Amino acid sequence: MQISKKISKNPWLLCLLMTILTVALGMLWIFSSPSQSPEIQIIIPLLLLANVALLGTLWLHFYHQPSQIQELDDESSTDIGQSANARSNIAKFHSLKQLKEKREQCSKHKQFKTVQEQNQEKNQEEMQTNDPLLKAVLESAAVAIYAIDDKGKCIFANPICAQLLGYTSPEQLLNFNMHELIYQNHSCTEATLPLSNGEVKEDIFWRADGSSFPVDYKSQPLVLQHNRNGAVISFYDNSERLEAEALIRHQAHYDTLTELPNRFLALKRLEQLVEASERSGQMIAVIFLDLDDFKKINDSLGHEAGDQLLISASKRLLNATRSEDTVGRLGGDEFIILLDGLSSASDAQPLAENLIGGFRKPFYIDNRQLVLTASIGIAIYPNDGETSSELLRNADSAMYHTKSIGRNTYSYFTHAMNKEVSRRLAIEEQIHGALERGELQAHFQIQLDIRDGSIMGAEALLRWNNPTLGNVSPAEFIPIAEQTGVIEPMGEFILKCALEAARTWQKLFNDKFRVAINLSPRQFRNPNLVQLITDQVYKFGMRPDDLELEITEGVLLSGHAYTLDALKQLSNAGFCISMDDFGTGYSSLSYLRTYPFQILKIDRSFISDMNKDGKSNELIIATIEMAHALGIRVIAEGVETQEQLDELSFMMCDYAQGFLISKAVPLTELLKIGTHYKELHENLATQELPIPLTAM
């Protein structure tokens, strides 16, 4: 019995004995005498084989036994509470039976525990924070967490909770009433914090130093020992999210540059004023203000200076209005001012005058003194519209009317303005594609040489007949074509028509015929303008001096270097350059010295006042004499009577153009006039008395 115990304690001893026995049997079999009986010679190999098989089985069995014992020992180590010395005894390979018996004894011992003891241990395990893993999870949580009992006292808090509430450690919160700590006698949204709601809610929590911060919190029920109820509350600081939302709302309703209400908010306030005025019966004034020539500030000084100017302008608008008035920026250089509580439309007039006067003072931007004016349009509710969009549109119409009459003033809306703006919008819509649809046509007005009565040329004028709008005046569509950029293809069209007319006239009548066309400021922005005109002239087989290029002061006012370069190149190429509408606008005499003009055209307004005002005659005489002194010839526009023509002849004017000589007609009619003029001119040589030009 002792031997078996010893063998069980040291299994490798049994293997050693079996190995010795196997070797002995092998030796016996090898050295056995052949004379022995056959039975013995058969039994010895069989015993040897059986011994080898038994030895292999034992070896395999004891080889795997230590790992099994180790696994069982690991599983039972926590239950039986072995010390470090006991765990080291695993190396002594206790039998499986002993380990299994000990495990069964432990499980039987646990079954004898009462249900109350099990519940107490369960609660203790749930609330235990000394476990390293649980403690690490709670301390690294991104949200603040605390637990309270049924009386509201704190029984647990993680570090982020203490930090957000302004305490140095979670221990400072334990056993304190969390409701009193969070609200600190301040009014709260709810009487008590909900313990089992489970919904995320917003509230204001207070820190230890008395400061508050917004939070999002959520509470969940917690079952404590002795059937008591508590709650676990998690929350986080909501300040950044609320600040981001407030910033987004501000950016959605206010202009980022001037901090004034933007278009959306201004129209929203106008809607509110309209609703209030419907009940009160009072009037509202919608003032639409636009800065004059603001684009030139951006182009010349840059957008940064333009932004500073807009900020300064917005401050002046705020200073000129009442605190209850709304001042908003619609975009660009357009502003809106809303006045309510008016008893009559005239109540808006003082503010409009005050706004205009406020812009007469210079602005100081980057050590520069800038003078900027404003144009104002006024629409009154309910006279000029009953909706916010209608009022804004009509105020805009009144502002455009102010622009057309000279700017730097204000205008009240009228229905005539509405028709004017509506027609303008219709022109803008129809002008695109008018050239492709064949609605544009070139007409020609004859220019007469006053000295000998010969026709020296004609001016090519663009005419537009639209199926919807009818005949549209050049005074209406040319400015719109200039703004929309359609003027460039129109300019190429009239150039080809003019060259074709000059070539046809020269073939039929005489080669001393020149056609004049107008060049707009927009065309001079094209760097290929000179090459374009030159190519077309040679394409038609014409000479540069067969074409006269008329320049208005609008081209010269820009002062761009490329304008002067283009005019010099055209003049050097042999083209005739003329200054149109002289006497209107600034009419700076420096233009005549700077630019290579060969012809000067006196505006029709001076000709119509001839013989009515002595000053007009003196101005015409002075202009003709000055031009001749500079080697420049003069054309008088708008000649409508024989008396005017005779007076111009006495003043030594060179050429005349007007209804007295001919209206603007298509090319076919121009050629008929040429044929008729040729017959009359031939008859002049045989008659003593001259035939009046009205007969032509």
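Helices (H or I, at least four residues) and strands (E, at least two) are DSSP runs, numbered from the N terminus. The model is predicted, and local features need pLDDT of at least 70, side-chain atom pairs count only at pLDDT 80 or more, and totals for chains, interfaces and linings use all residues. Residues are numbered from 1 along each chain as its sequence is written, and side-chain values use heavy atoms, with hydrogens and water left out.

The protein contains 26 helices and 21 strands. Of its 696 residues, 40% are buried, where buried means under 20% relative accessible area, exposed over 50%, and partly exposed in between (1.4 Å probe, protein chains only). Contact means heavy atoms within 4.5 Å; among the contacts with a separation of 6 or more, 61% are between residues 24 or more positions apart. The protein exposes about 39,100 Å², with 54% of that area supplied by carbon and sulfur atoms. Accessible areas come from the Shrake-Rupley method with a 1.4 Å probe, and for residues only the protein chains shown count as cover.

Helix α2 covers residues 11-30 and includes L16. Because its relative accessibility is 48%, L16 counts as partly exposed. Together with L17 and I20, L16 makes a nonpolar surface patch of about 290 Å². Patches are made of residues with over 30% relative accessible area and no salt bridge; like charges are joined within 9 Å, and nonpolar side chains (Val, Leu, Ile, Met, Phe, Trp, Tyr) within 5 Å. A salt bridge is a side-chain nitrogen of Lys or Arg within 4 Å of a carboxyl oxygen of Asp or Glu.

Strand β4, residues 212-223, holds D216. This aspartate has a relative accessibility of 7% and therefore counts as buried. Its side chain makes a polar contact of 3.0 Å with that of Y236 and another of 3.2 Å with that of N238. A polar contact is a pair of N or O atoms within 3.5 Å; within protein, one must be able to donate a hydrogen and the other to accept it, and residues adjacent in sequence count only if both atoms are side-chain atoms. Beyond its neighbours within four places in sequence, D216 is also in contact with residues including V200, K201, E202 and R241. The C-alpha atoms of D216 and E199 are 9.9 Å apart, and the two residues are 17 apart in sequence.

N394 is buried because its relative accessible area is 3%. Neighbours within four places in sequence aside, N394 is in contact with A379, D384, F413 and N418.
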